[in-house]
Every structure is written in structure tokens, then in C-alpha cells.
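Here is a short briefing for a first look at this structure. Keep the sequence and the 3D view side by side as you read.

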Amino acid sequence: MKSKTIYLLFFLAAICSFHAKLRLPALVSDGMILQRNQDLKIWGYADAGEKITIKFINKTYTATADQNGNWTLMLPKLNAGGPYIMTINEIMLKDILIGDVWVASGQSNMELPMRRLKPLYENEIKNANNQNIRFFTVPQKYNFKAPQNDLEGGKWESTNPQTILNFSGVAYFFAKELNEKNKVPVGIIHTSLGGSPVQAWMDEKSLKKYPEYLTEAEKWKNDDLIKSTESQEQSLSKAWYAELDQSDIGLNQHWEKDNVNDSGWKTMTVPGSWEDLEGSFDGSVWFRKEIILPKGTDRKTAFLNLGRIKDADVTYINGIKIGNVTYEYPPRWYEIPKGVLKEGKNTITVRIINGSGKGQFIDDKPYYLEIDGQKTDLKGEWKYKIGARMEKMAPGQTFIRWKPVGLYNAMIHPLINYKIKGFIWYQGESNTGKPKEYADLLSTMISDWRSKWNKNDLPFFIVQLANFMEKKDEPLDSGWAELREQQRQVSLHVPYAGLAVAIDVGEWNDIHPLNKKAVGDRLALQALKIGEGKKIIADGPVYQSMKKEGNAIILSFKPGTDDLIQGDLKGFAIQQKDGSYRWAKAKAKGNKVIVWNDQITIPANVRYDWADNPDGNLKNKSGLPASPFTTENN
């Protein structure tokens, strides 16, 4: 009996050992898309010396794990197709496709998911059903100590009305366009993080010219520093909000209730800022608005759109909380369940907390209540009352996750074994404070990423920053304009790079414009031209050279992009002898643009769309806009 027990224990141990031997990286899993027309690397982890056998598309491949348990197998180039099954020893991977795989990276405009774009693309989401478009979303992590070899999670997902909600909007429309044009599966490895600067996506070696960034990266290798910083900041934040809540008479008197006596409250026009009426302060303010609704309303669901609010809000209807947003950027879209609204008088109450800057309902955004497709406009007069004025602004936060090197180590390096077609990149907003270094940083990053993937001709397509912020009356210097110029220079001077211009699809009052389809489609044009070698026009007019004729400057554009839409043009400024710029007249004539100002006899240079939020109209007959540019240093 004893020997049987011992045998059974050995048998169970052997089974456990058998199952513990082989481990695959997160990317090598069910539903993956493998890159067509490239030698493919499959890799993983096992016991030292273990034999690895891969069976795939009627062929068998073998390898042996090294002394550290690492193993790699190379598969020959394969044509697009699938679905296939792959077995790796005892592991079976199902539903594998072969097509094109792109890495999509950057900050929040790349991250922005389809659910945030619902007002523009409701039918797109509802009808999404494509097994040939798949996403792998990389977990958002950082690590300052060392490049990581694997991800903490993630899975390949094909497109349906549920999964698409979490897909990057830009990357989805890019993938959809390529899938339609090339008729092959498209996989997106999405690795982005809102607010991240370019240096967060670079390794230590790439930053050797930037000692201040390397010093910062070195500093945050200290786990104790990270813990103490986060702990201290959380304590300060918690104390500030606790003091605010304690001081807020609206909370104490339950102003969220629908039966509050608000006869003594002041009034304000929404959208707008209460600080224009009350002076600048940080703290809380409450808003109330009564609306009358028809019979049967209580049996219906509804949708409340409160545009955008700076900073945080908690919103109630008839005393019932229907939602909240904790910071300024997300739109206030609230679904209202049946039974919340009622026939007759209904009260919308919003508690707003503003911790710094100018608190406001953002202008030029929609504010309405929608029931059965009928919208009740909520703009206009609201009642308001201050809940609490705080003596200090809300404590700031050290965004450790944005520090140099951290995102490269945790969100790029684990991907480099996986063969890809190229990269799409939407980033730059967080580098507009120091724009002149951006071209060097980005060029260095591109070169490093290509070397890590061991393929120096991997296409890299950049989304240029969209128009944003209020228009200016005069042509002034702009960090956003300078960064766009840096992006343009990278696209011109880095081989196999391209630029998707977005200067006509931004929103002045939103750093996250909704029109992501135009951006994805323009990236796809670059991929078709540079990545596939198709003979298409992928760019608007690309500035090439200038010459002076009298008091005018004549601009020429790259052949193939210079089939200009004719007529008068906006967005041009011309430089005087003293170096300052003044607005100019401009006209497209043939394949040239003539720029002049009647008061300037000796012009020096021209700028086009050089502003935070320009309104230029230079396009070619493909309908593609010209990038902002300057003739200086060109």
C-alpha cells in the first residue's frame, strides 16, 4: 500500500511538472495574427534542455530550450490566410490568422477608445463584425529598472459590437481601411498611454544625449521613492477632498434632493464659467435646472449630454445619482434608466469640483436631454450656488508613469520578438512645452525601435497634431505649431516615414477630437503607398521650395502632391525684415501658391497654418490638406 501511495505521489508530481514546463508569452496565444511574408519567430519558456515541437500548417519544427529555459523557433515566410491551429508540445493554439500586424502607440488620442466616439460612429459600432480585424491591447504598466520580456496580460480579440468599444478609434479605422483595400487580416498591437511624452517610450541608450531624462529615469528606479511619493500625494489629496466635503454646505444640506428651496440661488448662462461672476476660486459649486416633461416619461430611458465640464462632476436627476466623471477631459454622457424621469417637473442637479484653473461648462459643446430621439436643449439659464471655497488649490500629482524609459521597458520591449509590418504613432501633445527637441527624440526612437525589431525599413507613420485651442487674431509663435513642424521634418527626412495631417479635423475646445476616421484613413493611405508601394496620392500639398518675385513669394510643392485646388487661400503669414509676421493674401495658381502683403515690399519668409488652431484651406484635388509649414530653414 505504501509503495502505491509513493507511486501515486510521483505520478501527480510528474503531471504537475509536465504542465509547468512550457509557457508562452502573452502575444503567442489563441486568435493571434502572424505577419505575412516575413520569417516568423515563435518563442517561449520551458525547463532547461526541454525539446520543443511546433506543428503548424502541415509542417513540424523543433528546438531545445537553453540553460535558462528560453527557446526560439523560426518559421518560414507564409502567405495571408487562416484560420489555422498551431500545437506547441501539449499546448494547442486555435484560430490563428496570417496577415499584417501593426504596432499602434502614443498618448491619449491613440488610446481613445471607440466607446468615446459613439456619437459619431454609433452605426459603425452596432454593425461591427469582422474576424479579420483583431486587437491585442497591451496592459498599461511602467518599469524603470530593466526592459521586460513579457506582458502581464492581454489577449487577441476579433471585432464585434462589444469588443470594438475598447479598441483604439484611430487604430480601428486604420485597420478597417487596410483590410478592405488589401483583403488580408489586420492585427493591431495597441500600446499607448494618455499623457505620455515621447521620452517615456525610449530606452536608456536612446536618451544618452539627454542627461536630464536619464537622471529622471534613474531616480525612479527606487521603489521606496515611488511608494512614498504615491502615499504622500494620496494623503494630501484625500485630506483636500475631505476638507472640501466637510466644508461644502451643499453636501451638508443635501442640495442634490429635488425638493431643495433654491429661490435664493443666483443664475448663470450655461455654457460658461461661474468664475466670471464670482471671481477666481477653487472648490465646489452646485447647479440646478428644472425641465417639464410629458406624460409617459417615467416609462422611458433617456440620455443626458452635459458636454464637458472642468473639472469633476456628480450629476443627479430628481435626487437620484446618474453618474460622475472625476476629471476634465471625458464628455459627460449619462444613460438614465426608466423610472428616474417623471411627468411634469424634473430637476437636474450638478455638483462640480474644480481643483485648479478656471472652472467652467466648456463652450461650443452640446448640452441636452434626449428621450425617444427628441432633444430638450439645456443651454441657457441655470441656478447656481457655491458649496465651498478652498484656500488652496487641489494638490498636484507626480505622474510617475510618464517618466522617461518606463513605458519602453514595460510596453514596447516585450513586443520586439513579434514580427510586424510597421508602426502608427499619435503623440506629441505632451511635448509641446519643449518642441524644438522633438524631431531628434522621435527620429532617435524610430531608429531604435527598428533596430530592436531588426528591420530598418519598418514603416513609421506619424499623426500630426490636430488644430486645438482658441483662434488668435495675429500670427504668433506657437508651441503646437513648432511641434507640428518637427513632426513634418521627421516625415521628410526619416526613410519609410509618413505623415497623416489632422489640421482640419480638430476641435478648438477639445484636445480629444472625435473625427478619428479621417485620421485612420489618412494613416492607411500612407501604409498603402509606403508599405505596399501602391501608386496613390497619400499626401496633401507637400511644401518643397520658394522664390521671391517683387513683393511676393512663390511656393512650389512636391510633384504628385501639387494638383492644387485653385483660388484664394487662408492661413498664410509673411515675414517682414524685422522678423515679425503679418497676415498675407494667397492664391493657388496652377501648381504654385503666390503669397503677398501689399504693405510688405521685401518679404523674407512664409508660414502656413502656423498657430494653435489655424484655419487654412490649402488642399490638392485628392481632398487632402497641406501640412502646416514654414519656409525658414528649409
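Which residue of strand 5 does Leu40 stand opposite? Leu40 stands opposite Leu75. Keep in mind that the model is predicted.

**Strands 2 and 5**
- Strand 2 covers residues 40-45 and runs antiparallel to strand 5. Six bridges join the two.
- Strand 5 spans residues 70-75, and its side chains alternate.
- Trp71, Leu73 and Leu75 point to one face and are buried.

- Four strands make up an open sheet, in the order 17-13-20-21. Their pairing is antiparallel.
- Strand 17 (333-336) and strand 21 (374-377) stand at the edges. Each has a single partner strand, so one side of each is left without a neighbour in the sheet.
- From one strand to the next, the twist averages 20°.
- Strand 20 (residues 367-371) is joined to strand 21 by four bridges. Within this antiparallel pair, Ile371 stands opposite Gln374 of strand 21.
- In general, strands of a sheet pair through backbone hydrogen bonds, either parallel or antiparallel.

**Helix 3**
- Helix 3 runs over residues 118-126. Tyr121, Glu124 and Ile125 are buried in it.
- Seen down the helix axis, the buried residues fall within an arc of 95°, so they line one face of helix 3.
- An α-helix has 3.6 residues a turn, so residues three or four places apart point the same way.
- The buried residues of helix 3 pack against helix 4 (169-182) and helix 12 (516-531).

**The cavity**
- A search of the whole structure turns up one cavity of 30 Å³ or more.
- The largest cavity has a volume of about 40 Å³.
- Its lining includes Asn109, Tyr426, Glu429 and Trp480. Ala466, Asn467 and Phe468 also line this cavity, as do Asp510, Ile511 and Pro513.

**Asn620**
- Asn620 sits in the loop between strand 33 (606-608) and strand 34 (629-630).
- Is Asn620 buried or exposed? Asn620 counts as buried, because its relative accessibility is 2% and the cut-off is under 20%.
- Leaving aside neighbours within four places in sequence, Asn620 has contacts that include Ile537, Asp539, Gly540 and Pro541. Thr561, Asp563, Leu564 and Ile565 are also in contact with Asn620.

How values were computed: Residues numbered from 1 in each chain as written. Predicted model: local features only at pLDDT ≥ 70, side-chain atom pairs only at ≥ 80, totals over all residues. Heavy atoms only, no water. Buried < 20%, exposed > 50% of the residue type's maximum accessible area, 1.4 Å probe, protein only. Arc of directions from axis to C-beta. Contact = heavy atoms within 4.5 Å. Pairing = 2+ DSSP bridges. Axes fitted to C-alpha atoms, helices over the stretch in contact; angles between N-to-C directions. 1 Å grid on protein atoms, 1.4 Å probe; cavity = no way out; pocket = protein on both sides within 12 Å on 5 of 7 lines; lining within 4 Å. Points joined across faces, edges and corners; volume = space filled by probe spheres on them.
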